[in-house]
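Visitor: I would like to learn how to read a protein model, starting with a single residue. Please show me the structure.

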Amino acid sequence: SAGGVLACGGDKAVVLSDLRTGKQLVRFPIPARAAEIAFTPDGKTVVTADPETRVRVWDAATGRLRHT
């Protein structure tokens, strides 16, 4: 989590939720199941890696893909 935000990966989606309220903040589709999910220290970016070690970098506020 980053600053009270929890990242959960499921089948082809990542969901960011507010830990205090439980409210979903953003949900974004991912091309494959996320094996690993991490926030950057500033909490503005989410990094995912799939089982085939493809790494993707996402904007935490919008769910927009920044880099593959």
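Visitor: Is serine 17 buried or exposed?

Guide: Buried means under 20% relative accessible area, exposed over 50%, and partly exposed in between, with a 1.4 Å probe and protein chains only. Serine 17 has 17% relative accessibility, so serine 17 counts as buried. This is a predicted model, in which local features need pLDDT of at least 70, side-chain atom pairs count only at pLDDT 80 or more, and totals for chains, interfaces and linings use all residues. Residues are numbered from 1 along each chain as its sequence is written, and side-chain values use heavy atoms, with hydrogens and water left out.

Visitor: Where is serine 17 found, and what is serine 17 in contact with?

Guide: Strands are DSSP runs of E with at least two residues, helices are runs of H or I with at least four, and both are numbered from the N terminus. Serine 17 sits in strand S2. Contact means heavy atoms within 4.5 Å. Leaving aside neighbours within four places in sequence, serine 17 is in contact with Gly4, Val5, Leu6, Gly22, Lys23, Gln24 and Leu25.

Visitor: Which residues make up the largest nonpolar core?

Guide: A nonpolar core is a set of buried Ala, Val, Leu, Ile, Met, Phe, Trp, Tyr and Cys residues joined through side-chain atoms within 4.5 Å. Here the largest one has 12 residues: Val5, Ala7, Val14, Leu16, Val26, Phe28, Ile30, Ala34, Phe39, Val46, Trp58 and Ala60. Strand S1 (5-10), strand S2 (13-18) and strand S3 (24-29) are the elements that give two or more residues to this core. As for phenylalanine 28, not counting residues up to four places away in sequence, it touches Ala13, Val14, Leu16, Val46, Trp58 and Gly63.

Visitor: Is aspartate 42 buried or exposed, and where is aspartate 42 found?

Guide: Aspartate 42 counts as exposed, because its relative accessibility is 53%. Its place is the loop between strand S4 (36-39) and strand S5 (45-49). Aspartate 42 and arginine 20 are 22 residues apart along the chain, and their C-alpha atoms are separated by 19 Å.

Visitor: How many helices and strands does the protein chain have?

Guide: There are 0 helices and 7 strands. The radius of gyration is taken over C-alpha atoms, and the globule rule is 2.2 Å times the number of residues to the power 0.38. For the protein chain the radius is 11 Å, close to the 11 Å that the rule gives for 68 residues, so the chain is as compact as a globular protein of that length. Buried residues make up 35% of the 68 residues.
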